[in-house]
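Please prepare a brief report on this protein.

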Amino acid sequence: MKNQLNLCMLFFFLLNISLVAAQEDCKVLLENISGTYSGECKNGIANGIGIAKGIDSYEGEFKKGFPHGNGIMTYTNGSVYEGSWKKGKRNGEGVFTANIEGKKVIKKGIWKDDEYIGKPKSQMYRVITDMGVRNYKIRKVGDAINQVTIEVRVNGQRIRIPTNTIGDSGNYWIDQDLGIFKGTNVPFECNMNYSFNNVSNPGTTLVNFNFIILEPGEWKVEVNHNN
């Protein structure tokens, strides 16, 4: 029993040595941070969470030796980028902070291939719940009026708008099986609760579809179910 315990201890000691050695040999492929590295490694390449220091320093996610995912780069001139990375370049949403001629400059928004391309577009609508829905389309079709038209389809065929379709503003009526809210205010919120018979999976499918329109104008909403 004692010999087995000693063997186990020796095994873990040797394993720890091998891991340390592997860590020392782990390479970062982005030149400006390729000095020292501590963190997760795969096949001798930084992969996972780690910290790399060279001319600049980086802390965050790596993939195949490059910053990839979320991370923070601190540059030698004191500027900092915090946000999304892809293959060693700033890509996605991020915040860049720098001091230029004594003034603090902040660029917050979307980046692509290391270039700042601007602020993200404001969200025009939001779906809160889509239980029982196969897919949906929400699109703005005009600016002349404030109106939301809702259509429900099963297997590509329009069905009558469910009775329990409730919007928080506008005059509501049904026309050719469509639910129409005219004169809506924004934000406009609508909640739909209903059920339909599912042919391919015998039984009743319960639906709860709740969405919010955040921009004025004429909108069309299509809710689709496929049996």
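Among the contacts in the protein with a separation of 6 or more, 39% are between residues 24 or more positions apart. Contact here means heavy atoms within 4.5 Å. The model is predicted: local features need pLDDT of at least 70, side-chain atom pairs count only at pLDDT 80 or more, and totals for chains, interfaces and linings use all residues. Residues are numbered from 1 along each chain as its sequence is written, and side-chain values use heavy atoms, with hydrogens and water left out.

**Overall make-up**

Of the 227 residues, 32% are buried. Buried means under 20% relative accessible area, exposed means over 50%, and partly exposed lies in between (1.4 Å probe, protein chains only). The accessible surface comes to about 14500 Å². Carbon and sulfur atoms hold 51% of that surface. Areas come from the Shrake-Rupley method with a 1.4 Å probe; for residues, only the protein chains shown count as cover.

**Salt bridges**

How many salt bridges does the protein have? The count is six. The rule asks for a side-chain nitrogen of Lys or Arg within 4 Å of a carboxyl oxygen of Asp or Glu.

| Pair | N to O distance | Relative accessible area |
|---|---|---|
| Lys 140 and Glu 215 | 2.7 Å | Lys 140 28%, Glu 215 25% |
| Arg 158 and Glu 151 | 3.0 Å | Arg 158 34%, Glu 151 12% |
| Asp 177 and Arg 160 | 3.7 Å | Asp 177 28%, Arg 160 53% |

Take Lys 140 and Glu 215, whose salt bridge has its closest N and O atoms 2.7 Å apart. A network of salt bridges links Lys 140, Asp 143 and Glu 215.

Arg 158 is partly exposed, whereas Glu 151 counts as buried.

Asp 177 and Arg 160 meet in a salt bridge at 3.7 Å. They too link distant parts of the chain, 17 residues apart. Asp 177 lies in the loop between β14 (171-175) and β15 (178-182). Arg 160 lies in the loop between β12 (157-159) and β13 (165-167). Asp 177 is partly exposed, while Arg 160 is exposed.

**Strand β17 and its partner**

Why is β17 described as largely enclosed by the rest of the structure? Because eight of its 11 residues are buried. Strand β9 (residues 125-131) runs antiparallel to β17, and six bridges join them. Two strands pair if DSSP finds at least two bridges between them. Met 131 stands opposite Asn 208 in β17.

**Lys 107**

Lys 107 belongs to strand β7 (residues 103-112). Lys 107 is partly exposed, at 36% relative accessible area. Beyond its neighbours within four places in sequence, Lys 107 contacts Gly 94, Val 95, Phe 96 and Tyr 116. Ile 117 is 10 residues from Lys 107 in sequence. In space, their C-alpha atoms are 9.8 Å apart.

Conventions
Helix = DSSP H or I, 4+ residues; strand = E, 2+ residues; numbered from the N terminus.
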